[in-house]
Amino acid sequence: MTKSKQQGRLYIVGVGPGDPELMTYKAVRVLERAPVWLAPKAREKGNSSALRIASGLIDIRGKEILEVRFPMKKVRLGHEQEDPEVLEGWQQAADTVLSRIDIGKNVAFPTLGDPSLYSTAFYLLSTLQKQRALFEVTIIPGVTAITACSAQINSPVGLGDDIISIVPAAFDDERLRHVISTLDAAVLMKVNRNLAKVIEILDELGLTDKAVLVERCGLEDQRVYTDIRKALGRKLHYFSTLFIRKRGWRM
Ligand SMILES: C[S@@+](CC[C@H](N)C(=O)[O-])C[C@H]1O[C@@H](n2cnc3c(N)ncnc32)[C@H](O)[C@@H]1O
């Protein structure tokens, strides 16, 4: 289908990691104007984190809010086609977007943190682009959990000649050990279920005291663990990010 003047537009909007006041002015403006929001959530009966953050600052009365389920599964790049449930989630979301933009409505897709980091938004976008060669989108960047957490612990993520790596620690992965042992600094996202293994590696490398963990940054129940062993055995929230800086996370 060729692009007609009546077609709406998709806006992928980073809403920051939790504190609604960390949304950018542009994000707020775009979300306020969009009549339809497509909000991603991980579980059928759960809530959308991105929706909760955005609606903390924006009045959603009168908007069409469509919560779509994106199954929260580990997706290895290049293996996406192997899981029908995942593909179905993306396809349903894409169909919902098309059904609204084809009648001229703009659709906003609020997403946690910044869209460029591990956001389902790009799976949605690539599904849409496979269906419509001319599909156009506007992406609004957001404050990422990395920078928000770093502000909470008064620490740089990297400084001077530090080389930094960002790691999705949910994967049981040899690369994790390699990254931690070779780089100056690392940020481990999705670390909540793998903390014991991470601590094992850090202990082996003598780096456990160089790590700090931030759970639910910017939210009322935020916790910062400067001794990460204290987090062991606790059921950590998915919003947990671990920082390792070999030169020390304190200046
Ligand atoms: C799917 S990734 C999304 C990252 C997001 N796009 C960003 O820019 O921050 C989810 C991971 O982000 C981190 N995260 C998101 N919100 C957080 C918060 N409020 N506090 C700590 N970590 C958070 C956690 O590591 C979580 O497992």
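In this predicted model, five strands build an open sheet in the order β3-β2-β4-β1-β5. The pairing in this sheet is parallel. Strands β3 (64-69) and β5 (137-140) are the edge strands, and each pairs on one side only. From one strand to the next, the twist averages 20°. Strand β2 covers residues 36-41 and is joined to β3 by six bridges. These two strands run parallel. Within this pair, Lys41 stands opposite Arg69 of β3.

Helix α1 (residues 25-33) lies across β1 (10-14), β4 (107-111) and β5. Its direction makes about 140° with that of β1. Helix α3 (residues 84-101) lies across β1, β2, β3 and β4. Helix α3 runs at about 160° to β3.

Helix α4 spans residues 121-131. Its residues Ala121, Leu124, Leu125, Thr127 and Leu128 are buried. Viewed down the axis of α4, the buried residues fall within an arc of 160°, and they therefore line one face of the helix. The elements that cover these buried residues include β1, α3, β4 and β5.

The domain assignment divides the protein chain into domain 1 (10-140) and domain 2 (145-245). The centres of the two domains, taken over C-alpha atoms, are 27 Å apart. Eight residues of domain 1 and eleven residues of domain 2 take part in the contact. On the domain 1 side, the residues that touch domain 2 comprise three nonpolar, three polar and two charged residues.

A further open sheet has five strands in the order β6-β7-β10-β8-β9. Here the pairing is mixed. Strands β6 (164-168) and β9 (223-225) stand at the edges. Each has a single partner strand, so one side of each is left without a neighbour in the sheet. Neighbouring strands are turned against each other by 15° on average, direction ignored. Helix α6 (residues 174-182) packs on this sheet and touches β6, β7 (185-189) and β10. The direction of α6 makes about 160° with that of β6.

Strand β8 (residues 211-215) is joined to strand β10 (residues 240-245) by five bridges. The two run antiparallel. Ala211 stands opposite Ile244 in β10, and the bridge partner of Glu215 in β10 is Ser240. Strand β8 is also joined to β9, through three bridges. This pair runs antiparallel too. In β9, Arg223 stands opposite Glu215.

Strand β8 is mostly covered, with five of its five residues buried. In a regular strand, side chains alternate between the two faces of the sheet. In β8, Ala211, Leu213 and Glu215 point one way, and Val212 and Val214 point the other way. All of these residues are buried.

Most residues other than glycine have a negative phi. Lys190, although not a glycine, has a positive phi of about 50°. Lys190 is found in the loop between β7 and α7 (195-205). It counts as partly exposed because it has 19 C-beta neighbours inside 10 Å, and a buried residue needs 20 or more. Arg216 has a positive phi of about 55° and is likewise not a glycine. Arg216 lies in the loop between β8 and β9. With 17 C-beta neighbours inside 10 Å, Arg216 also counts as partly exposed.

Note on methods:
Residues numbered from 1 in each chain as written. Predicted model: local features only at pLDDT ≥ 70, side-chain atom pairs only at ≥ 80, totals over all residues. Pairing = 2+ DSSP bridges. Helix = DSSP H or I, 4+ residues; strand = E, 2+ residues; numbered from the N terminus. Axes fitted to C-alpha atoms, helices over the stretch in contact; angles between N-to-C directions. Contact = placed C-beta atoms within 7 Å. Domains from an automatic or database assignment. Nonpolar A, V, L, I, M, F, W, Y, C, P; charged D, E, K, R; others polar. Buried ≥ 20, exposed ≤ 12 C-beta atoms within 10 Å, placed from the backbone. Arc of directions from axis to C-beta.
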